[in-house]
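Let's take a quick tour of some pockets and some helix packing. Have the structure open as you read, and click along.

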Amino acid sequence: MIDIVGLKKSFGHNEVLKGINIHVEKGEIISILGPSGSGKTTLLRCLNYLESPDEGEIIIDDVSINARKVNKKEVYQLRKKSAMVFQGYNLFQHKTALQNVMEGLVVVQKKSVSEAKEKALKVLQKVGLENKIDAYPSQLSGGQQQRVGIARALALNPEVILFDEPTSALDPELVGEVLAVIAKIAREGKTMIIVTHEMNFAREISNRIIFMDGGVVVEEGIPQQIFTEQKEERTKQFLKRMTPELDYSI
Amino acid sequence: MVIDFSFVWIAFKEILKAVPLTLILTFVPIVVGFLIGLAVALIRAHNIKFLSPIANFYVSFFRGTPAIMHIMVIYFGFPILLDYVIKKFNLPFQSNHVPIVVFVITALSLTAGSYLSEIIRSGISSVSKGQIEAAYTIGMNTFQVVKRIILPQALAQSVPNITNLIIGFLHTTSIAFLVSQKEITGAANIVASKNLKFLEAFIAAGIIYWAITLIIETIAYFLEKKAKSYSRSAF
Ligand SMILES: Nc1ncnc2c1ncn2[C@@H]1O[C@H](COP(=O)(O)OP(=O)(O)OP(=O)(O)O)[C@@H](O)[C@H]1O
Ligand SMILES: [Mg+2]
């Protein structure tokens, strides 16, 4: 369903993605782990062309893009296949929670206002914000804002939702509510690619985990394998740093 | 010397007749200038080829020179240009048929446009990059992003600055009396010269300017509150 083939991206002389190959099946939950600067955000941003990759192919559903000969129309088509949840929420500040969710439905998907509203209300209820629909982002907590962000993505009914460290900007006590919402959506069979530093969450929720370092996929596998029997030394070192509790069990 | 208060009142009533022209000289350039400023700000924000350097030059020149100069250059220069065009195309028309007020409005519109483009530009840069990216990821095109996400916030952000500009402009229109426009200052000058009571006439003019300013400020206060109702500071 999603195929990323030989994806490369450089910023100046800094080659950040060095030929990434990833295949994702419909309904799969993929978590991407990796140290800071390994290119995780850049990879997600290439998937919706917030960054233009230099080389490689991106195929989502029936849209296929070759980085070397891409045109504007293809980019718009590709973007409609995915939706993104940002670390910093990035809600439209001048719109209420409801309007944030309706925006794409009305403007991009050309749904009628009443249809969009009905859909938006349903999704906001799913993320537990039915009593905050008229609040502006500035009136919501970080956790609530991120749940609006998730609702905005989910409402578009994309083929895949991309999460870039959705809980990293949150106060610790608000992380749980957001992870709970993501887990709920995951159970409904939505395809998701999640970049996260929440190791336990990734382990519980994912069908497959991808470990990236230095712009390449170092290792991938089911959570059980990645967390307990890593093949690569780099994966081992990273997980040791990220999950100090493993030390105690030895 | 004592102030002749009864003459202040006489002058007041006389000068009041000049208020409509003053308001026209203030608001027509602001409205036209807003459209110019919007276009210029967008051209610069998107760094559009060929147009961007022209826009930069325009803003730099008009902000770098006083409004009185714009009026004078257009007042004296425009007719020459117009006559040239008329001659070239044999038009049944003469440049001295154009009312002076048109020159003044043209000049002040260009002045306002340069200031408004900077105000709108700073409003645009206040919209976070993240929101713009979010808008693109949900599939919007550039036109939709500008219209639905960037401009509403940029303009809401600009209201206080635009208010200041309008008030500044109200007072700037006084220079139009130099090209014999009978706006408030011009009218004050005429009443004053006729009766040789300058102090009284200008006190009356001052009161009128002040009153109009207060009205603009009051309207702006409510507009500002409404425009920024989405931000926490308004609560
Ligand atoms: N717009 C940019 N211009 C130049 N360099 C960039 C840009 N964006 C990212 N980089 C560089 O690319 C590399 C990878 O960055 P990226 O944000 O993808 O890493 P990451 O894996 O998401 O890290 P983190 O866990 O800290 O979020 C870094 O070295 C970063 O400095
Ligand atoms: Mg990142």
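Helix H6 of chain B (residues 129-137) gives the second largest pocket the largest share of its lining, with four residues. Keep in mind that this is a predicted model.

- Which residues line the second largest pocket? From chain A you'll find A:Tyr49, A:Leu50, A:Ser52 and A:Arg79, and from chain B there are B:Lys129, B:Ile132, B:Glu133 and B:Tyr136.

**The largest pocket**

- Here the space comes to about 410 Å³.
- Its lining is made of 17 residues, and those nearest the centre are B:Phe27, B:Ile166, B:Ile216, B:Ile219 and B:Leu223.
- Three helices of chain B, H2 (19-45), H7 (142-172) and H9 (198-227), each put at least two residues into this lining.
- How many charged residues does the lining of the largest pocket have? It has no charged residues, with 16 nonpolar and one polar making up the lining.

**Helices H4 and H5 of chain B**

- For H4(B) (residues 67-89) and H5(B) (residues 100-125), the axes come within 8 Å and cross at roughly 135°.
- Angles from 65 to 115 degrees count as roughly perpendicular and those over 145 as roughly antiparallel, so H4(B) is oblique to H5(B).
- The crossing of H4(B) and H5(B) is right-handed.
- On the H4(B) side, the residues that meet H5(B) are B:Ala67, B:His70, B:Ile71, B:Ile74, B:Tyr75, B:Phe78 and B:Pro79. Their partners in H5(B) include B:Phe103, B:Val104, B:Leu108 and B:Thr111.
- By class, this contact has twelve nonpolar residues, three polar and no charged ones.

**Helices H2 and H5 of chain B**

- H5(B) also crosses H2(B): their axes come within 5 Å, at an angle of roughly 45°.
- Angles under 35 degrees count as roughly parallel and 65 to 115 as roughly perpendicular, so H2(B) and H5(B) are oblique to each other.
- H2(B) and H5(B) make a right-handed crossing.
- What classes of residue make up the contact of H2(B) with H5(B)? There are 22 nonpolar residues, five polar and three charged.

Methods:
Residues numbered from 1 in each chain as written. Chains lettered and ligands numbered in written order. Predicted model: local features only at pLDDT ≥ 70, side-chain atom pairs only at ≥ 80, totals over all residues. Heavy atoms only, no water. 1 Å grid on protein atoms, 1.4 Å probe; cavity = no way out; pocket = protein on both sides within 12 Å on 5 of 7 lines; lining within 4 Å. Points joined across faces, edges and corners; volume = space filled by probe spheres on them. Nonpolar A, V, L, I, M, F, W, Y, C, P; charged D, E, K, R; others polar. Axes fitted to C-alpha atoms, helices over the stretch in contact; angles between N-to-C directions. Left-handed = near helix turned anticlockwise from the far one by under 90°. Contact = heavy atoms within 4.5 Å.
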